[in-house]
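Subject: Structure handover

Hello,

Here is the structure I said I would pass on. My notes on what was found in it follow below.

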Amino acid sequence: MTEDRHSTGVSRSVSLVPLTRRGGSKVSNVTQTADRCAQTSPWSPREAELLAVTLRLLQEHGYDGLTVDAVASAARASKATVYRRWPSKAELVLAAFIEGVRQVAVAPNTGTLRGDLLKLGEICCQQSIQHASTIRAVLVEVSRHPALNEALQHQFLDQRKALMQHVLQQAVDRGEIAESAITDELWDLLPGYLIFRGITSNRPPTRHTVQLLVDQFMMPGLTHGK
């Protein structure tokens with residue numbers, strides 16, 4: 001694996017998106033509102049800059065073509081600075097991906113459940129296409145390193161779940177659905193399928209895909225018996 005000279009240390013300490021903010025308050029908790037997750041960065045401005053450079057180079061060159069040397073050079077930093085914060089290339093890439101997604105993870109508020117689901121689906125659709133190669137690389141790396149897999153589960157996936165929870169709770173509060181209609185399968189259906197389509201097939205998801213998911217599966221499942 002290119003430039004991953006510290007990869008044997010991944011399992012000991014993964015410094016991705018911290019589970020607490022500076023000051024000690026929790027983040028990436030699915031009981032938080034999604035807009036708070038979207039607005040508060042766990043990184044310093046300099047760290048966020050390094051992650052932004054990493055994500056840009058990933059989109060330009062792919063995972064195999066990315067080197068820590070290139071990140072350090074583009075960000076005008078030393079390799080030691082990068083490795084001190086993220087001890088392996090895999091950790092750096094996963095942190096950059098999670099941060100890039102977090103920045104656009106704004107909960108929709110259209111006033112209706114269907115409108116919110118469509119908007120959320122469109123966001124997931126765009127991300128699955130824009131970051132397809134990065135997601136594939138991340139999935140390969142997390143399959144090799146349990147600590148990276150844990151970080152992906154508790155940070156990226158919890159972030160997705162927080163957005164969906166926010167949308168569904170608003171619908172409960174408006175009286176559109178019953179709280180008992182919310183199931184774990186429905187948590188995962190919308191973003192999960194769109195990401196799957198984006199990275200595994202030659203048919204990337206479209207707005208029509210989102211509409212079919214929402215109108216034929218999500219809405220009937222959530223409003224059944226209402």
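L190 is buried, because its relative accessible area of 0% falls under the 20% cut-off. Please keep in mind that this is a predicted model. L190 sits in helix 9. Leaving aside residues up to four places away in sequence, L190 touches L117, L120, G121, M164, L213, V214 and M218. With V214, L190 has a C-alpha to C-alpha distance of 7.8 Å, although 24 residues separate the two in sequence.

V214 belongs to helix 10, as do L213 and M218. Helix 10 covers residues 207–223, and its axis comes within 10 Å of that of helix 9, the two crossing at roughly 160 degrees. Helix 9 and helix 10 are therefore roughly antiparallel, since angles over 145 degrees count as such. The crossing of helix 9 with helix 10 is right-handed. On the helix 9 side the contact is made by L186, L189, L190, Y193, L194 and R197; on the helix 10 side by T209, V210, L213, V214, F217, M218, G221 and L222. Sorted by class, this contact of helix 9 with helix 10 holds 11 nonpolar, two polar and one charged residues.

Next, the nonpolar cores. The largest has 36 residues, and those with the most contacts inside it are L51, V82, W86, L94, F97, V138 and F156. At least two residues of this core come from each of helix 2 (45–65), helix 3 (68–74), helix 4 (79–85), helix 5 (89–103), helix 7 (132–144), helix 8 (146–174) and helix 9 (184–200). The biggest share, nine residues, is given by helix 5. Another core, of 25 residues, lies apart from this one and includes L118, L120, L190 and L213.

F97 touches L55, H131, T134, I135, V138 and F156, again not counting residues up to four places away in sequence. F97 is in helix 5 and F156 is in helix 8, so how do these two helices pack, by the angle and the distance between their axes? The angle between helix 5 and helix 8 is about 5 degrees, and their axes are 11 Å apart. That makes helix 5 roughly parallel to helix 8. In this contact, A90, E91, L94, F97, I98, V101 and R102 from helix 5 meet L148, A151, L152, Q155, F156, Q159 and R160 from helix 8. By class, the contact of helix 5 with helix 8 has nine nonpolar, two polar and three charged residues.

Regards

Notes. Residues are numbered from 1 along each chain as its sequence is written. This is a predicted model: local features need pLDDT of at least 70, side-chain atom pairs count only at pLDDT 80 or more; totals for chains, interfaces and linings use all residues. Side-chain values use heavy atoms; hydrogens and water are left out. A nonpolar core is a set of buried Ala, Val, Leu, Ile, Met, Phe, Trp, Tyr and Cys residues joined through side-chain atoms within 4.5 Å. Buried means under 20% relative accessible area, exposed over 50%, partly exposed in between (1.4 Å probe, protein chains only). Helices (H or I, at least four residues) and strands (E, at least two) are DSSP runs, numbered from the N terminus. Contact means heavy atoms within 4.5 Å. Axes are lines fitted to C-alpha atoms, for helices over the stretch in contact, and angles run from 0 to 180 degrees between N-to-C directions. Angles under 35 degrees count as roughly parallel, over 145 as roughly antiparallel, 65 to 115 as roughly perpendicular and the rest as oblique. A crossing is left-handed if the near helix is turned anticlockwise from the far one by less than a right angle, and right-handed if clockwise. Ala, Val, Leu, Ile, Met, Phe, Trp, Tyr, Cys and Pro count as nonpolar, Asp, Glu, Lys and Arg as charged, and the others, Gly among them, as polar.
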